[in-house]
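Here is a friendly briefing to read alongside the structure.

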Amino acid sequence: MNEASLIGLLVATVSFGALLYLAALGELLAEKAGVLNLGVEGMMAIGAVTAFIAGVELENPWAALVVAMISGAALASVHGFFTVALGAEQVVSGLSLTILGIGLAAYLGKDYVGLPPGAKLEPVQWGGLSDLPWVGPIFFNQAPLVYLALVMGVAVSLVLSNTRLGLALRAAGESASSTDSAGHSVLGLRLSAVAAGGALAGASGAYLTLSLTPQWAEGLTAGRGWIAVALVIFGAWRPGRVAWGALLFGGTLALKTRLQTFGVDFSPIILSMLPYLLTLAILLAISVRSRKRPSPSPTALGLAYRREER
Amino acid sequence: MTQTPSPTDESQLAVQLSEVWKTFPGVVANAGVELNVRPRTIHALLGENGAGKSTLMNILAGVYRPDRGELKLHGRAHQFRNPADALSAGIGMVHQEFRLIPSFSVAENVVLGSAPSVIKTRQIEARVAAMADKFGLRVDPAQPLWQLSMGERQKVEILKVLWRDAQVLILDEPTTVLTPDEVHELGEILRRMADDGRCIIFISHKLHEVSGICDEATVLRLGKTVASSLDMATTDSTELARLMVGASPTTPDRPAAATPGVALLELKELSARGDRGIDAFSDVSFQINSGEIVGIAGVAGNGQRELADVIAGLRPSTRGSLIMNDADMTTASPRQRFLSGLCYIPEDRLGVGLAPRLSITDNAILRVYRQQRRGPFIVAEKALSYCKGIIERFGVRSGDVDGPIAALSGGNLQRLLVGRELDSQPSVVVAAQPTRGLDVQGVKAIQDLLLERRNAGAAVLMISEDLDELLTLTDRLLVMEGGNIRGEFDPRTASRQEVGLAMLADTTAISQP
């Protein structure tokens, strides 16, 4: 293993980490408001394909990103409508959303498979910083969405802990009836959290087709949406911890394709199980610890709310 | 300001509710209720369970909308569409079930309803602390709520309403979760609030607490106001209890006296915790003999439900022992208890007693499915004929026996459940609220089945909130209050009133001969 390939690994770790982080932040928002959305994979697929199509048709990467975010939010709102407005089972609806999103993406993208990208988000240059050894390529020569992920992470964290909106949102995820009786609209809070989460998943998908790959093919998301779901648990529903988890899981994704070039005889299949194994370990730790204190998981997660009548 | 404002002087009244009607499907909860509350007072709203207190207060707090009736605050008419309307009119309610978020800090819980758009934690905590100090509510605003005791949580609930500047505070049964010291402290806090110009409506059915804390009392019974704005200083608790419980309506026929035999069920200083981790009942001792029905009377939530669960083996006991048919069953599994002759008719029929979405047949064989099998498989014909047997013997009117049981009416559900439980000829029967919600025929059928078991030599424990039922059906009557047995009565001679007083934990009643 030489210096260049190690730097390459770290660069990929950060970019994969940002990819996962965007999607996981979206999931975190929805879950904090009490809605489990297992459709992340589907929303990412829709984000990826719509970004690619918009890139080809509009030839503007930023417009493509916006299109992807709107598409992701729209798909998420389907889930929101069924689970929040109608009180449908969140797991079933979320799984359906994944299947729907992947299928819809394949259908929309069938004429775009293998086409060259119409627009790309090129890495951002930070002047002298980008030329620094190690730090330059790893942190200061990344695609714009890496920095967006960072900004969104800080923003989500601040909003959740330091604003009335965040307080109400977290309350909706802890106890819908308390939130309702405090005069906040549980419906509104949850629907907007789910939609915002969908927009972030869409952005994460757009990152694939506008920078990382950048091409469209069926199955492009390759299970990364599921890693994002696991990541939220791994990070104990805290944006900061999720960020570290994203780097760790991003690292496993980056390492997977490089194992052979490093000459390590280790099955990449085992490596791709690692995020899920770590998440199981965290779940175990949470359940052991929560005998003494409440679990970090939002209490009302997965529970539909209907204003009680006698 | 006049010295003694008469209740009819509208502008002097902080709250005036008149002719309030509210019906729920099948139930008239409020039938023309009156309530007049003067400012700067603590007003008790008394009544038994189901008297309509909570409904009335939910109307005042904007949770329910009345069918009819008038609501005036300081002489001005109001109509609330939702709790937010009531809050902005200055009415805040502390519900019996706390609406707090365990993972939030005290301050976060307090400000949730009206927080500034940007929250500076330190600043918020300081403001909450200042407000808490003013009324003597000792809580640490930075502490996470889950670490707090029930008493402290109640203070947080009170702070929540104060934070929104409520002038009228409604406390729904605030003392149920408090220790006696905390009750005393609460009284002082409420007095401070009243002196500050607010008024407090204190819902309760515990007379001795009310008389120590409140200035005036309104008594509801069966959805109607039976006494309005009584002066607590001049009204004695016997009078209040009589108003709450009412006179015995009929003199029903009582079944032939039992000939009790040996003790089949014996509780020795049994204690257990409730869902909140505090003692639900403690040091409960009694025995039930063969051929005897023993009743437990009490207002809901005084440990009866937990007691039934512990006897059935669904809840662990923390101290004491439970002996059934001469065998120690303190730690036995529910199945062991069933095999040694216990049957349990739970209060929650469709949740604990039956599986709502399973078919009638499947529910019928839940206890005895091991007898309907061949190898690992259930034999459908055997199961069906067993089910049909129960349906016939216990008069269940069922449609499709393969349909979900939840489709049955309440009376038929209970017949099937009771039938299933009694079919195994149990020697010990625990029945929790077995006739609640049933129509006259259903009540009679279930009561007859229980009597039949008693006459066949079983020991029957019957927990009910229906005092009349207990007085006519049982051979001995225990009263449970605050997790303790407060007294034993002979239902043949006991009056409704003296049992009622014991249920309401008026200590003067217990010392009576």
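In this predicted model, helix 4 (residues 121-135) and helix 5 (residues 150-163) of chain B have axes that come within 11 Å and cross at roughly 105 degrees. That angle makes helix 4 of chain B roughly perpendicular to helix 5 of chain B. From this crossing, the briefing moves on to other helices, the sheets and the contact between chains.

**Two crossing helices in chain B**

- Helix 4 of chain B brings B:Val128, B:Met131, B:Ala132 and B:Phe135 to the contact, while helix 5 of chain B brings B:Leu159, B:Leu162 and B:Trp163.
- Sorted by type, the residues of this contact between helix 4 and helix 5 of chain B are seven nonpolar, no polar and no charged.
- A handy general rule is that an α-helix has 3.6 residues a turn, so residues three or four places apart point the same way.

**Two crossing helices in chain A**

- The axes of helix 7 (residues 164-174) and helix 9 (residues 186-212) of chain A come within 10 Å and cross at roughly 100 degrees.
- Helix 7 and helix 9 of chain A are therefore roughly perpendicular to each other.
- On the helix 7 side of chain A you will find A:Ala168, A:Leu169 and A:Ala172, which meet A:Val186, A:Leu189, A:Arg190 and A:Ala193 of helix 9 of chain A.
- This contact of helix 7 with helix 9 of chain A consists of six nonpolar residues, no polar ones and one charged.

**Helix 11 of chain A**

- How far apart are the end C-alpha atoms of helix 11 (residues 239-258) of chain A? They are 28 Å apart, which agrees with the 28 Å that its 20 residues should span at 1.5 Å a residue.
- Buried residues in helix 11 of chain A include A:Pro239, A:Val242, A:Ala246, A:Phe249 and A:Leu253.
- The buried residues of helix 11 of chain A have a cover that includes helix 1 (3-32), helix 6 (144-162), helix 10 (224-234) and helix 12 (268-289) of chain A.

**A four-stranded sheet in chain B**

- Four strands of chain B form an open sheet in the order 2-1-4-5, with antiparallel pairing.
- Strand 2 (27-37) and strand 5 (76-77) of chain B stand at the edges with a single partner strand each, so one side of each is left without a neighbour in the sheet.
- Strand 1 (residues 15-24) and strand 2 of chain B run antiparallel and are joined by eight bridges.
- To find a pair by eye, look for B:Trp21, which stands opposite B:Ala31 in strand 2 of chain B.
- Helix 1 (residues 53-60) of chain B lies across strand 1, strand 2 and strand 4 (68-73) of chain B, and runs at about 115 degrees to strand 1 of chain B.

**A six-stranded sheet in chain B**

- Another open sheet of chain B has six strands in the order 16-19-20-13-21-22, with mixed pairing.
- At its edges are strand 16 and strand 22 (484-489) of chain B, each pairing on one side only.
- From one strand to the next, the twist averages 20 degrees.
- Is strand 19 (residues 428-432) of chain B largely enclosed or left open, and why? Five of its five residues are buried, so strand 19 of chain B is largely enclosed by the rest of the structure.
- B:Val428, B:Val430 and B:Ala432 point one way from strand 19 of chain B, and B:Val429 and B:Ala431 point the other way.
- Strand 16 (residues 342-345) of chain B pairs with strand 19 of chain B in the parallel sense over four bridges, with B:Cys343 opposite B:Val429 and B:Ile345 opposite B:Ala431.
- Strand 20 (residues 459-463) of chain B also pairs with strand 19 of chain B in the parallel sense, over five bridges, and B:Leu461 is the bridge partner of B:Val430.
- Helix 9 (residues 304-312) of chain B lies across strands including strand 13 (292-297) and strand 21 (476-481) of chain B, running at about 150 degrees to strand 19 of chain B.

**Where the chains meet**

- The contact takes 18 residues from chain B and 15 residues from chain A.
- Helix 2 (residues 83-88) of chain B gives the largest share of the chain B side, three residues.
- That side of chain B divides into 13 nonpolar, three polar and two charged residues.

Key:
Residues numbered from 1 in each chain as written. Chains lettered and ligands numbered in written order. Predicted model: local features only at pLDDT ≥ 70, side-chain atom pairs only at ≥ 80, totals over all residues. Axes fitted to C-alpha atoms, helices over the stretch in contact; angles between N-to-C directions. Parallel < 35°, antiparallel > 145°, perpendicular 65-115°, else oblique. Contact = placed C-beta atoms within 7 Å. Nonpolar A, V, L, I, M, F, W, Y, C, P; charged D, E, K, R; others polar. Expected span 1.5 Å × (residues − 1). Buried ≥ 20, exposed ≤ 12 C-beta atoms within 10 Å, placed from the backbone. Pairing = 2+ DSSP bridges.
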